[in-house]
Amino acid sequence: MTIIKIKKMLETLLQYEDSEIIHTIYSVHNTFSLSYSKELKTFQLRNVETGEIERFTDAETTSIALYKIISTGEKKSLSNKLLLSFR
């Protein structure tokens with residue numbers, strides 16, 4: 001997934017009040033939950049396994065963080081799968 005596609009996905013996320021995107025990288029066994037809080041005006045990236053939450057105020061910074069997660073997983077295994085779903 002390119003950084004441009006990630007930014008487009010984040011822009012779409014901003015249009016919905018209650019939305020979440022689930023990103024799973026099977027090779028490293030990490031699941032990340034991404035949501036946008038209109039109240040806080042921040043993107044929230046949560047590692048489901050550890051519960052750690054990172055908050056970002058703009059799509060640019062958020063897209064870079066997501067790209068790093070995706071590209072790290074891709075380097076470790078060619079069989080990585082990306083699962084994105086809106087709820």
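**Exercise 1. Identify which residues touch the most other members of the largest nonpolar core, and which elements supply this core.**

Solution. Start with the term: a nonpolar core is a set of buried Ala, Val, Leu, Ile, Met, Phe, Trp, Tyr and Cys residues joined through side-chain atoms within 4.5 Å. Buried means under 20% relative accessible area, exposed over 50%, partly exposed in between (1.4 Å probe, protein chains only). The largest core holds 14 residues; Ile6, Leu10, Leu34, Phe43, Leu45 and Leu66 touch the most other members. Two or more residues each come from helix 1 (3–14), strand 2 (30–37), strand 3 (42–47) and helix 2 (59–76). Helices (H or I, at least four residues) and strands (E, at least two) are DSSP runs, numbered from the N terminus.

The model is predicted: local features need pLDDT of at least 70, side-chain atom pairs count only at pLDDT 80 or more, and totals for chains, interfaces and linings use all residues. Residues are numbered from 1 along each chain as its sequence is written, and side-chain values use heavy atoms, leaving out hydrogens and water.

**Exercise 2. Trace the pairing of strand 3 with strand 2 and with strand 4.**

Solution. Two strands pair if DSSP finds at least two bridges between them. Take strand 2 and strand 3: they are antiparallel, with 6 bridges. Ser35 has Gln44 of strand 3 as its bridge partner. The hairpin leaves 4 residues between these strands, and Lys41 in the turn has a positive phi of about 55 degrees.

Now take strand 4 (residues 53–56). It runs antiparallel to strand 3, joined by 4 bridges. Phe43 stands opposite Phe56. Here 5 residues separate the hairpin strands, and Gly51 in the turn has a positive phi of about 80 degrees.

**Exercise 3. Is strand 3 largely enclosed or open?**

Solution. Count buried residues: 5 of the 6 in strand 3, so this strand is largely enclosed by the rest of the structure. Strand 2 is mostly covered, with 6 of its 8 residues buried.

**Exercise 4. Determine which elements have the lowest and the highest mean pLDDT.**

Solution. pLDDT is the predictor's confidence in each residue, from 0 to 100. The chain averages 75, and 68% of the residues score at least 70. Strand 1 (residues 20–25) has the lowest element mean, 61; strand 4 has the highest, 93.
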